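I opened this entry to keep track of what I looked up, in the order I looked. The sequence and the model come before my notes.

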Amino acid sequence: RQTNGRLGRKLSEKTTPHPDILIVDAETSELLQSTLTSLMSDCDAKQRRVEQWIEAAHSDKINLKEEQEKNQRLEMELGRVRHQLTIEMNKVEEIEKARFNELKRHGEDVQKLRQTKQGLEGRYKQLELKCNRREKTIAQLQEKYQKLIEKDEERIKKHRDIIESQPELRRKRKFWKLLMRINRKLKF
């Protein structure tokens, strides 16, 4: 900022008969080049950071989508298991009613059906626990994604505030193109 102040004073001292032409000495020219180089490198560094944030947010979005698809598949499997469990429970009831008189002779068959039922119920509970864990993971990922979006919005606001506070940046066409590109990427 001190360099910009000295540069401003030096540039204001230079007047020519033509307002569109600016003649500066070597020292002022070097100072002007140094200031522009510093501004461009700052801009490039900020652009790299923004691109990294965008890539991280995109990666998180992909991971969230994959987790949601896995959860959907598990829910479909859980529905099939529930249906199968209902069928098996009905079969057990029918067999118990039909074979009540032959209970002693067919005890082993009934025991096998009960084991099947217990296995399916155990599987059902496992799948239910797995679904609950997936839902928690999805909620955490959604919260993380929301925080990333909020951070990006704050960062963009800071960039806009910086640009508005420095009029010389508004005249830089390259900088505005960069800002527009960032805004488009964030809206994906």
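A helix, for these notes, is a DSSP run of H or I with at least four residues, and helices are numbered from the N terminus. I am working from a predicted model.

**Entry 1. Confidence.**
I checked the confidence before anything else. The mean pLDDT of the protein chain is 80. Of its residues, 74% reach 70 or more. Helix H1 (residues 2-13) has the lowest confidence, with a mean of 54. Helix H2 (residues 26-98) has the highest, at 89.

**Entry 2. Overall make-up.**
I counted five helices and zero strands in the protein chain. Along the sequence the pattern reads α-α-α-α-α. The chain has 188 residues, and 22% of them are buried. The chain exposes about 14700 Å². Carbon and sulfur atoms supply 50% of that area.

**Entry 3. Cysteines.**
I searched the whole structure for disulfides and found zero. Cys43 has 10% relative accessibility, so it counts as buried. Cys131, at 5%, counts as buried too.

How many salt bridges does a search of the whole structure find? It finds six. I noted several of them.

Lys70 and Glu67 meet through their side chains, at 3.9 Å from N to O. Why are they about one helical turn apart? They sit three residues apart in helix H2, and therefore about one turn separates them. Lys70 is partly exposed, with a relative accessible area of 33%. Glu67 has 16% relative accessibility and counts as buried, because the cut-off for buried is under 20%. I also found that Glu67, Lys70 and Arg134 are linked in a network of salt bridges.

Next I looked at Glu143 and Lys147. They form a salt bridge, with the closest N and O atoms 3.3 Å apart. Both lie in helix H3, four residues apart, so about one helical turn lies between them. Glu143 is partly exposed at 46% relative accessible area. Lys147 is partly exposed as well, at 47%.

Arg123 pairs with Glu77 in a salt bridge, and the closest N and O atoms are 2.7 Å apart. This pair links distant parts of the chain. Arg123 is in helix H3 (residues 107-165) and Glu77 is in helix H2, 46 residues apart. Arg123 has a relative accessible area of 35%, so I list it as partly exposed. Glu77, at 25%, is also partly exposed.

**Entry 4. Asp60.**
I kept Asp60 for the end. It lies in helix H2. Which side chain of opposite charge is nearest to Asp60? It is Lys144, 4.3 Å away. Asp60 is buried yet has no salt bridge. A salt bridge needs the nitrogen within 4 Å of a carboxyl oxygen, and the Asp60 to Lys144 distance is 4.3 Å. I then listed what Asp60 touches, not counting residues up to four places away in sequence. The contacts are Lys144 and Leu148. Lys144 is thus on both of my lists for Asp60, as a contact and as the nearest side chain of opposite charge.

Conventions:
Residues are numbered from 1 along each chain as its sequence is written. Side-chain values use heavy atoms; hydrogens and water are left out. pLDDT is the predictor's confidence in each residue, from 0 to 100. Helices (H or I, at least four residues) and strands (E, at least two) are DSSP runs, numbered from the N terminus. A disulfide is a pair of cysteine sulfur atoms within 2.5 Å. Buried means under 20% relative accessible area, exposed over 50%, partly exposed in between (1.4 Å probe, protein chains only). Lys and Arg count as positive and Asp and Glu as negative; His and the chain ends are not counted. Contact means heavy atoms within 4.5 Å. Accessible areas come from the Shrake-Rupley method with a 1.4 Å probe; for residues, only the protein chains shown count as cover.
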